[in-house]
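Welcome! Here is a short tour of a protein chain for you to explore. Keep the sequence and the 3D view side by side as you read.

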Amino acid sequence: MTLALYHFGPVANSLTPLLCLLEKGLQFENRVLDSRKWEHHDPAFRAINPEGMVPVLLHDGRVVRESTAINEYLEDVFPEPPLRPADPWLRAEMRVLTKYVDEYFCPALTVIGAHGATPFASKIDKAEMAARLAMMPNEEVRRKWATVSESGYSDQELADARRRLGNCIARLEDMLTDGGPWLLGDEYSLADIKWYSMAPALPRVLPERCNPQATPAIAGWLDRMAARPAVQALPAYAPQR
Ligand SMILES: N[C@@H](CCC(=O)N[C@@H](CS)C(=O)NCC(=O)O)C(=O)O
């Protein structure tokens with residue numbers, strides 16, 4: 001059996017399957033790609049995912065894409081320890097939560113994260129950047145890089161992304177208040193993993209909205225997540241720069 005994960009390190013969508021693999025104690029080839037060196041544009045990786053996007057899991061020669069789908073796949077193939085509730089209602093709730101991150105939380109955080117790459121991207125030679133953009137088949141990724149290689153996102157776009165992140169904070173605090181230690185109550189699940197792939201950025205991006213006084217339930221959950229051995233193992237999977 002061979003299992004390999006192609007990823008950008010323990011952050012955002014890459015963190016989702018990385019943490020799942022570590023929670024399950026699975027042995028895998030760690031294929032960390034350095035996005036700042038455009039390693040995801042190398043022909044060897046493009047042969048695996050023509051979209052030039054991570055994360056990608058390779059299991060016995062078969063390519064599995066999309067972080068949320070990868071984790072459900074890992075759960076189906078390697079069910080121990082279980083990270084998906086047995087109860088069908090809780091399982092549906094778990095999928096509502098992972099879907100929210102994919103459709104709402106992640107796109108808002110991407111605007112803020114990509115804007116932070118403006119100093120790096122705007123220094124790239126224009127001809128080189130044009131060649132890079134031409135290599136990006138995914139329109140959203142291409143538009144993102146085109147934006148940050150110019151002046152970055154507008155104040156209005158940044159404010160709108162922060163507004164949406166404020167809604168994510170409110171939803172997370174609400175879910176954790178009066179609940180169990182984890183998002184589904186007593187059962188740690190793929191929902192915690194998915195939210196944790198984005199949530200550590202919240203106190204940094206919106207410190208006035210997300211802090212131990214304003215959002216004590218989030219602060220407690222972040223601490224419980226940080227104490228998990230699998231989370232403590234994550235830094236070893238960062239790109240070596
Ligand atoms: N919905 C996809 C999103 C994947 C995605 O956006 N990946 C980003 C990194 S987090 C990427 O590969 N970007 C390529 C680039 O920015 O050039 C998933 O959850 O796996």
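Glu 66 counts as partly exposed because it has 17 C-beta neighbours inside 10 Å. By this count, a residue is buried if 20 or more other C-beta atoms lie within 10 Å of its own, exposed if 12 or fewer, and partly exposed in between, with the C-beta atoms placed from the backbone. Glu 66 sits in the loop between β4 (62-65) and α3, and its phi is near 70°, a positive value in a residue other than glycine. The names of such elements come from DSSP runs, numbered from the N terminus: helices are H or I with at least four residues, and strands are E with at least two.

Asp 178 also has a positive phi, near 65°. It lies in the loop between α8 and α9 (190-196). Is Asp 178 buried or exposed? With 7 C-beta neighbours inside 10 Å, Asp 178 counts as exposed.

## A word on the model

This is a predicted model, in which local features need pLDDT of at least 70 and side-chain atom pairs count only at pLDDT 80 or more, while totals for chains, interfaces and linings use all residues. Residues are numbered from 1 along each chain as its sequence is written.

## Two cis peptide bonds

Now look at two prolines. The peptide bond from Val 54 to Pro 55 is cis, with omega near 0°, and Pro 55 is in the loop between α2 (43-46) and β3 (56-59). The bond from Glu 80 to Pro 81 is cis too, with omega near -15°. You will find Pro 81 in the loop between α3 (67-77) and α4 (88-116).

## How two helices meet

Helices α8 (residues 155-176) and α11 (residues 216-226) pack at an angle of about 80°, with their axes 8 Å apart. Here the axes are lines fitted to C-alpha atoms over the stretch in contact, and angles run from 0 to 180 degrees between N-to-C directions. That makes α8 roughly perpendicular to α11; angles under 35 degrees count as roughly parallel, over 145 as roughly antiparallel, 65 to 115 as roughly perpendicular and the rest as oblique.

Which residues make the contact? From α8 come Ile 169, Leu 172, Glu 173 and Leu 176, and from α11 come Ala 217, Ile 218 and Trp 221. Two residues are in contact if their C-beta atoms, placed from the backbone, lie within 7 Å.
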